[in-house]
Amino acid sequence: MADSKKVAEVLRKIAQAVEQEKDALTALDRAIGDGDHGINLARGFGAVAARLDEAANASVGAILKMAGMTLVSTVGGASGPLYGTAFLKAGAAVGEKTEMDSNDFIRAFDAAIAGIAMRGKAQQGEKTMLDALIPALNALREDPDFANGLRRAVKAAEAGVEYTKTILATKGRASYLGNRSIGHADPGAASSLLILQVIAQEVLG
Amino acid sequence: MKKLINQPENVEREMIEGLVKAYPHMLRKLDCGNVVVRAEKKESKVALISGGGSGHEPAHGGFVGTGMLDAAVAGAVFTSPTPDMIYEGIRAIATEAGVLMVVKNYTGDIMNFEMAAELAAMDGIEVRSVVTNDDVAVEDSLYTTGRRGVAGTIFVHKIAGAAAQAGAPLDQVQRVAQKVIDNVRTMGMAISPCTVPAAGTPGFDLADDEMEIGIGIHGEPGTHREKLAPADQIVTMLTEKILADIDYAGSEVAVLVNGAGGTPLMELFLLNNKLQDLLAERGIQVYKTMVGNYMTSIEMAGFSISLLRLDDELKQLLDAPCNAPAWKN
């Protein structure tokens, strides 16, 4: 499915997409947070992209771990530890392989979600990135065809972002707004969807 | 956006370097990042570390000094510092007596300080933490991440700092820090927003005749919006909200009228005038009053009121000598 080179390429594409969508993500965060989500993520994934050349010959696990450590040390806020932990756990799940297959991907995705839930002490339905990611993983698992599953995962994540508009935030800074958080999409769910869209685009070609 | 800055991405570093250059005998910046530590060598006492996003100056770097913090870690504006920087701060100040982290209750701060403590524990450093949550604007319920830590946090720096300076063991320092947290409450409001340099646009928009009530310290919107009222009415409204949570009647308190950064002292003293009368009417005895900019939100115009219930132990620690750029006793 993807060798180390491909994984590095996907991370580069994620950095480009986050940079492009920086203002849109920040605007979402301004509505119910503190208006820095896009700025912080763009800084973090930009730093990841800058370190990919050093990691050119590394295993998939090592590249994902490097991405996780870089995000932890450059993003800050809540999204730094959350996305950082996600990539660290994904890297640990794939390990020293230099080529990941679809089963590796599903295991890595599962570990990333478990990492986010552990670090954020969150579950589905609290208006967080998990509301995009968990339905996406479920959709991916349900489809015997990986490519189809990945398409359905993106759709499920899109629906998840829409769903976050309808619910009350009970985690993170948006929870301070009470009912005022309803009607706005969760910025973390939106950035999770964006990352998943890039992965699907790159893997499906 | 109109600000006295150079490149937005350099604001935090240039601010920290400028702070350290203003107090070279007191402060030192670590080479690895925006971490301020005490300039003099380590003492064999419990070490205190705090931190948070930048934009709250003089918090937290201005509270590093004798009898207060040993280190303050500054993240990007309104963004929690990262675990690696907090870890470097812990390593720079750690003693045999242990380290206490003073963390404000925000999801990001909690997670980043927690990861840093995990790293320090691997080095055999004993790290404990207290979490400040003095903001009564936010309901503490199952449906929120709990109350925010705001201006009342500086009382924790002062009182836990005094206990550590006096040689109290980690258990005791943690206990008095928690005692302050249990007895301090804050409520804030704003009449104009602030602009994060890297964002370039204000955190929210307010009409000329509107005010935002229940504001936090990160330029985020508050709990609700109302028509602007005379200052006395606003003081009464904020104080009532605090007293509904803890009735301080019959208690002795420390009072903090904290400016959000863009409010002149003229207005802060005017607000304090009403506040003192109101507290007297309610049978609340004021032991100490502080008026000024202690925990700001860049250039936001607004203020918060904090009340801290005191007993003999807290009074003595509050009065103990300290020497930090933003608090000298």
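1. A residue counts as buried if 20 or more other C-beta atoms lie within 10 Å of its own, exposed if 12 or fewer, and partly exposed in between, with C-beta atoms placed from the backbone. By that rule, Leu271(B), Asn272(B), Leu275(B) and Leu279(B) of helix α7(B) are buried. They cover an arc of only 105° around the axis, which puts them on the same side of α7(B). The arc is taken from the directions that lead from the helix axis to the C-beta atoms.

2. The model is predicted: local features need pLDDT of at least 70, side-chain atom pairs count only at pLDDT 80 or more, and totals for chains, interfaces and linings use all residues. Residues are numbered from 1 along each chain as its sequence is written, while chains are lettered from A and ligands numbered from 1 in the order in which they are written.

3. Helices (H or I, at least four residues) and strands (E, at least two) are DSSP runs, numbered from the N terminus. Helix α7 of chain B covers residues 265-281. Its 17 residues should span 24 Å at 1.5 Å a residue, and the end C-alpha atoms are 24 Å apart, which agrees. The expected span is 1.5 Å times one less than the number of residues.

4. What lies on the other face of α7(B)? The face turned away from the buried side carries the exposed residues Met266(B), Phe269(B), Asp277(B), Ala280(B) and Glu281(B). Cover for the buried residues includes α6 (231-245), β10 (252-259), β11 (285-292) and β12 (301-310) of chain B. Contact means C-beta atoms, placed from the backbone, within 7 Å. After α7(B) comes Gly283(B), with a positive phi near 75°.

5. Now the sheet. Six strands of chain B form an open sheet of mixed pairing, in the order β9-β8-β7-β12-β10-β11. β9 (224-227) and β11 of chain B stand at the edges with a single partner strand each, so one side of each has no neighbour in the sheet. Strands pair if DSSP finds at least two bridges between them.

6. β7 (residues 184-192) and β8 (residues 210-213) of chain B pair in the antiparallel sense over two bridges. Met189(B) has Ile213(B) in β8(B) as its bridge partner. α6(B) lies across β7 and β12 of chain B, at about 150° to β7(B). Axes are lines fitted to C-alpha atoms, for helices over the stretch in contact, and angles run from 0 to 180 degrees between N-to-C directions.

7. The contact between the chains takes 30 residues from chain B and 26 residues from chain A. On the chain B side, α3(B) gives the largest share, five residues.

How values were computed:
Contact = placed C-beta atoms within 7 Å.
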